[in-house]
Amino acid sequence: ELIFDVVEEVTYDVKEGLSNKTSQTLQNFIKKTVEPILEDGLITEEDMNVLTSMCNNMNQAEVMNKLLNKFKSGDPSLHANRVSETDMRTWRSPQNGVPEHLIALVEQYVVMQAEMRDSSHKIRTYEDSIRKVQDNQERLRANVKAMENVQAKESNPLIARYLNDLDKQEDDMIAKRESVDSLKELRMQLEQRMTSLALEISNCK
């Protein structure tokens with residue numbers, strides 16, 4: 001009587017499925033390929049845990065690389081919109097493993113990013129207002145010039161009112177220009193601080 005021990009061996013070719021070598025491709029491979037053969041008992045829970053751990057590590061490395069790469073450029077034009085709310089949600093998620101000290105630095109950057117946006121908005125608002133005042137002053141000056149051909153008795157009160165309006169608007173425009181200058185100085189300081197902080201973040205490990 002002959003007794004045979006039969007050992008089944010299953011081989012999977014997954015080169016194509018993992019060609020991109022990203023956490024997403026590995027996650028898809030686990031879901032579509034590994035989970036079914038785990039249910040069939042062809043691999044162990046330990047094997048599954050190893051693959052899951054590998055997937056998590058790859059994901060954390062990808063998140064870190066994307067974060068650091070986002071701050072590599074010191075271009076000031078990027079400062080106002082470099083970090084989105086989606087970025088922050090991703091980086092704060094515990095499963096992505098971003099170190100707390102790095103998140104703290106990015107949060108400092110986000111605060112300055114908001115200040116940069118606010119100062120830029122105020123500058124645009126003031127400059128638009130200044131242009132409107134300048135247009136109005138041109139109209140008033142034209143009215144004053146037109147009054148030169150009107151009898152003095154009739155025109156003097158009107159000219160006086162126009163000149164008074166011009167004085168008030170000139171004072172208002174001077175104040176707004178000073179505000180614009182202050183805001184531009186603040187924005188320049190923010191750019192310098194944000195450039196330095198972006199460099200610090202990009203060099204974190």
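Tutor: Here is a walk through the fold, the cores, the pocket and a few residues.

Student: What should I know before reading any values?

Tutor: This is a predicted model, where local features need pLDDT of at least 70, side-chain atom pairs count only at pLDDT 80 or more, and totals for chains, interfaces and linings use all residues. Residues are numbered from 1 along each chain as its sequence is written, and side-chain values use heavy atoms, with hydrogens and water left out.

Student: How many helices and strands does the chain have?

Tutor: There are 5 helices and 0 strands. Helices are DSSP runs of H or I with at least four residues, strands are runs of E with at least two, and both are numbered from the N terminus. The order is α-α-α-α-α.

Student: What percentage of the chain is buried?

Tutor: Of 205 residues, 29% are buried. Buried means under 20% relative accessible area, exposed over 50%, and partly exposed in between, with a 1.4 Å probe and protein chains only.

Student: And how far apart in sequence are the contacts?

Tutor: Take contacts between residues at least 6 apart in sequence: 74% of them join residues at least 24 apart. A contact here is heavy atoms within 4.5 Å.

Student: On to packing. Which residues touch the most other members of the largest nonpolar core?

Tutor: That core has 23 residues, and L67, F71, W91, V98, L102, Y109 and I201 touch the most other members. At least two core residues come from each of α2 (45-70), α3 (85-92), α4 (100-147) and α5 (152-202). α4 gives the most, with 7 residues. A nonpolar core is a set of buried Ala, Val, Leu, Ile, Met, Phe, Trp, Tyr and Cys residues joined through side-chain atoms within 4.5 Å.

Student: What does L67 contact beyond its sequence neighbours?

Tutor: Outside four places in sequence, L67 meets W91, V98, L102, V106 and I201. A second, separate core has 9 residues, including L26, I30, M48 and L51.

Student: New topic. Which residues line the largest pocket?

Tutor: The lining is S23, Q24, Q27, T52, C55, N56, N59 and Q95. α2 supplies the largest share, 4 residues. By class, the lining has 1 nonpolar, 7 polar and no charged residues. Ala, Val, Leu, Ile, Met, Phe, Trp, Tyr, Cys and Pro count as nonpolar, Asp, Glu, Lys and Arg as charged, and the others, Gly among them, as polar.

Student: How is a pocket defined?

Tutor: On a 1 Å grid over the protein atoms alone, a pocket is an open set of points with protein on both sides within 12 Å along at least five of seven lines, and lining residues have an atom within 4 Å of a point.

Student: Back to S23. Is it buried or exposed?

Tutor: S23 is buried, because its relative accessibility is 7%. S23 sits in helix α1 (residues 23-39). Beyond four places in sequence, S23 contacts C55, M58, N59 and E62.

Student: What about E62, which helix is that in?

Tutor: E62 lies in α2. E62 counts as partly exposed because its relative accessibility is 23%. Leaving aside neighbours within four places, E62 contacts K21, T22 and S23. E62 and T22 are 40 residues apart in sequence, with 8.1 Å between their C-alpha atoms.

Student: Last one: where is R193?

Tutor: R193 is in helix α5. R193 is partly exposed, at 46% relative accessible area. The C-alpha atoms of R193 and Y109 are 8.9 Å apart, across 84 residues of chain.

Definitions and conventions:
1 Å grid on protein atoms, 1.4 Å probe; cavity = no way out; pocket = protein on both sides within 12 Å on 5 of 7 lines; lining within 4 Å.
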